[in-house]
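Here is a friendly walk through one protein model, written for someone who likes cut-offs stated plainly. Have the viewer open as you read.

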Amino acid sequence: MTKATQAHPLDHLVLPTARLDAARARLVSLGFVVAPTGIHPFGTENCCVFFADGTYLEPLAVGNDRDADRAIGEGNVFVARDRLYRQNLGDEGFSAVVLGTGDADADHVRYVGAGMSGGEMLSFSRAFADTSGKSDLASFKLAFCASKDADEAFLFACERINAPKIDRTALQAHANGVTGIVEVVAVSDRPSGQIGLLSTAAAKQAAQGDAIELPNATLTVLEPAAFASRCNLPTGASPHLRFAAIVFSVRSAAIAARLLAANAIAHHMSGNDIVVRPAPGQGAAFIFRETK
């Protein structure tokens, strides 16, 4: 079995936002530590939230429209997909699920063969800084997977060519007690029709129902009514895939709930889960779940 056909773990999630300062303020109020701003060489920028399990959130804004225009003209799929998402669903949301891989080139070949390639691969580097200001270079190679007729979500495999030699301990010490991501929930009017895309992207077949078990998390697709029932949140109908919620593992639900209440963050219980509705700077429903 090659690296490209081994089941891929969840790497990170892309959350478009209109302004990084708004995203940073919202995430801090939710009890997260937010990394310093990272600048991409193609017009976008981020302020990531890193977790002890190796996954992270990538709030993404457009910092330089001219550079973004140039990148799209040069065939940059990452920027083009981000713009397409914003044009169709607005500047706040949850656009992409990213899987870790050891061979992005082989993944690209596999996506093309399955008729699910999102476009040409992308390689780039950017500076990464920790909370103390220490900086190093992070380099990535991306292979894109997407449905030809859908613009509400995409996935890509991310190979870390150079991992920055930075101590992330302080960036992972979240006041809300979050240690990682355990589930990503998407919605579609036809969940069974979306499993093929997720399976191809992750190199893993669904064992049962409309969920795929990755090595470190679960990808679940629900009909809108089932999502509303599970999370007590309304969601729009769509025949395509739309990412809707992120389930975080927390050490103590009580601690997380007290922090949300202290910061005047509206939330509700759905079973044993603490649910926070999407808001500016928080493009998905955030669900906090106590895990042992």
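## Ground rules

This is a predicted model, in which local features need pLDDT of at least 70 and side-chain atom pairs count only at pLDDT 80 or more, while totals for chains, interfaces and linings use all residues. Residues are numbered from 1 along each chain as its sequence is written, and side-chain values use heavy atoms, with hydrogens and water left out.

## Aromatic pairs

A pair of aromatic rings is described by the distance of the centres and the angle of the planes. Here, rings of Phe, Tyr and Trp (its six-membered ring) pair if their centres lie within 6.5 Å; planes under 30 degrees apart count as stacked, over 60 as edge-to-face and the rest as tilted. That rule gives 16 aromatic pairs. Take Phe50 and Tyr56: their ring centres are 5.0 Å apart and their planes stand at 40 degrees, so the pair is tilted. Phe50 and Tyr56 are both buried (under 20% relative accessible area; exposed is over 50% and partly exposed in between, with a 1.4 Å probe and protein chains only). Phe144 and Phe156 are also a tilted pair, because their centres are 5.3 Å apart and their planes are at 50 degrees. Phe144 belongs to strand S8 (residues 135–145) and Phe156 to strand S9 (residues 154–162), so this pair ties together parts that are twelve residues apart in sequence. Strands (E, at least two residues) and helices (H or I, at least four) are DSSP runs, numbered from the N terminus.

Phe144 is buried at a relative accessible area of 1%, and Phe156 is buried at 1% relative accessibility. One aromatic cluster is formed by Phe42, Phe78, Phe124, Phe140, Phe144, Phe154 and Phe156.

## Around Phe50

The C-alpha atoms of Phe50 and Leu171 are 6.2 Å apart, although the two are 121 residues apart along the chain. Leu171 sits in the loop between S9 and strand S10 (178–187) and is buried at 1% relative accessibility.

## Two nonpolar cores

A nonpolar core is a set of buried Ala, Val, Leu, Ile, Met, Phe, Trp, Tyr and Cys residues joined through side-chain atoms within 4.5 Å. Which residues touch the most other members of the largest core? They are Phe32, Leu57, Val97, Ile246, Phe248, Phe286 and Phe288, out of 52 residues. Helix H5 (residues 195–202) gives the most to this core, with five residues. Another core lies apart from it, with 27 residues, among them Ala71, Leu122, Ala146 and Phe154.

## Strand S6

Five of the five residues of strand S6 (residues 96–100) are buried, so the strand is largely enclosed by the rest of the structure. In a regular strand the side chains alternate between the two faces of the sheet. Both faces of S6 are covered, with Ala96, Val98 and Gly100 buried on one side and Val97 and Leu99 on the other.

Strands pair if DSSP finds at least two bridges between them. S6 pairs with strand S1 (residues 10–16) in the antiparallel sense over four bridges, and Val14 stands opposite Ala96. S6 and S9 run parallel, joined by five bridges; Val98 has Phe156 as its bridge partner in S9.

His40 lies in the loop between strand S2 (38–39) and strand S3 (44–46), and is buried with a relative accessible area of 6%. Its side chain makes a polar contact with that of Asn46 at 3.5 Å. A polar contact is a pair of N or O atoms within 3.5 Å; within protein, one must be able to donate a hydrogen and the other to accept it, and residues adjacent in sequence count only if both atoms are side-chain atoms.

Most residues other than glycine have a negative phi. Ala203 has a positive phi near 55 degrees, and Ala264 has a positive phi of about 60 degrees. Are these alanines buried or exposed? Ala203 is buried at 17% relative accessibility, whereas Ala264 is exposed at 69%.
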